[in-house]
Amino acid sequence: GNRVELLIDGQQTFDSILAGLESAQKYIFFQFYIIRDDNLGRRLCRALADRARAGVKVFLLYDEIGSRKFAGTRLCSQLQMTGVKVAPFNTTQGRRNRFQLNFRNHRKNVVVDGKYAWIGGHNVGDEYMGLKRRYGQWRDTHTRVEGPAVMGAMLAFATDWHWATRSAMHVEWDFPDSPRGDSTVLVFPSDPASEYDEAGLMYHQAIAAATRRIWIASPYFVPDHGIVSALQLAALRGVDVRVLIPDEPDGPVVAMANWSYTRDLLPTGVKVYRYQGGFMHQKVLLMDDRIAGVGTANFDNRSFRLNFEITLLVDDPAFAARVDEMLQADMRRSRQVSTQEMDNKPVWFPLAMGIARLFSPML
């Protein structure tokens, strides 16, 4: 009973979020890993402040490491003065946790009035609009969902808010009383407090269940041995396995680790594409012709085991077709890595890959 809209890149994403914020009548939940005091941050926060002054309950949650400068900004102070309730997620709570830096709330989750939710890869900063010369064009994907699945986004935010503030949220928990579309949707939060590595298991299950294809786009491709084996096995049994990563990853160690896992996958028939149209930050999964996932979880151990993440999983052939079209366009802006290219790497390259691989559990 859900309707899901695919939002490609920053302009579509933030125009949609801004329109949703401006329509709020009762409450707004606004959560990002990074919130910057820049043009985009001020534009969105101005909308939050306006709705708070109009009597809408506004809750803003940010990660204290990802947004480590936000608390001291004028923007944060102005939000609080207008009545916006602002809180850091603060995984370092308590004396026993005061030196803990590993767990991070990487979720990007916006909810308006229990009717609409936005989940995806963007954070709040001008670079996500492609306005920073260092990164160039920023390639990212978000979603807007309307229908009963919004409840999952609300519950994920409420759980995080309770952890951050040790208090409950007092809002009218309204839920849609009729279907809004034809998509079956699961809002899938994962976190290190769970008994199992939920994000990793979700990816593993999708790979194992695929019968025709499994396409994965991620800016950080540093999987564990089990996931690598699952991808190899899927390719060996005839599944179309494709991995899309940035051509220029975020840092030299990540780059060498990516090459290391590429070397393992190519001989089994996995196709690896390196995106050349800017920096690719999307986290997208496409399984066969009906299951698609868009969210915050990267394809690495940090997202699988350490971060608080959230993914929107959609069971709908029509939505999967839109994701297929989007990823094929991305692959046309990419180059496919060949085994010959790996063979032609300089003699020091295997050593560098091996060293990077030693650090892969921490990347």
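Start by selecting Asp 113: with a relative accessible area of 7%, this residue is buried, since anything under 20% counts that way. Keep in mind as you click around that you're looking at a predicted model. Asp 113 sits in the loop that links strand E5 (109-112) to strand E6 (116-120). Check its backbone too: phi of Asp 113 is near 55°, a positive value in a residue other than glycine.

Next stop, helix H3, residues 74-81. Which residues of H3 are buried here? Select Leu 75, Cys 76 and Leu 79 and you have them. They span an arc of only 100° around the axis, so they end up on the same side of H3. Here's the background: an α-helix has 3.6 residues a turn, so residues three or four places apart point the same way.

Now show what surrounds that side. The buried residues of H3 pack against helix H2 (39-53), strand E3 (57-62) and strand E4 (85-88).

Last stop: Arg 166. Look for it in the loop between helix H4 (150-165) and strand E9 (184-190). Phi of Arg 166 is near 60°, again a positive value in a residue other than glycine. And is Arg 166 buried or partly exposed? Arg 166 is partly exposed, with a relative accessible area of 47%.

Notes. Residues are numbered from 1 along each chain as its sequence is written. This is a predicted model: local features need pLDDT of at least 70, side-chain atom pairs count only at pLDDT 80 or more; totals for chains, interfaces and linings use all residues. Side-chain values use heavy atoms; hydrogens and water are left out. Helices (H or I, at least four residues) and strands (E, at least two) are DSSP runs, numbered from the N terminus. Buried means under 20% relative accessible area, exposed over 50%, partly exposed in between (1.4 Å probe, protein chains only). The arc is that of the directions from the helix axis to the C-beta atoms. Contact means heavy atoms within 4.5 Å.
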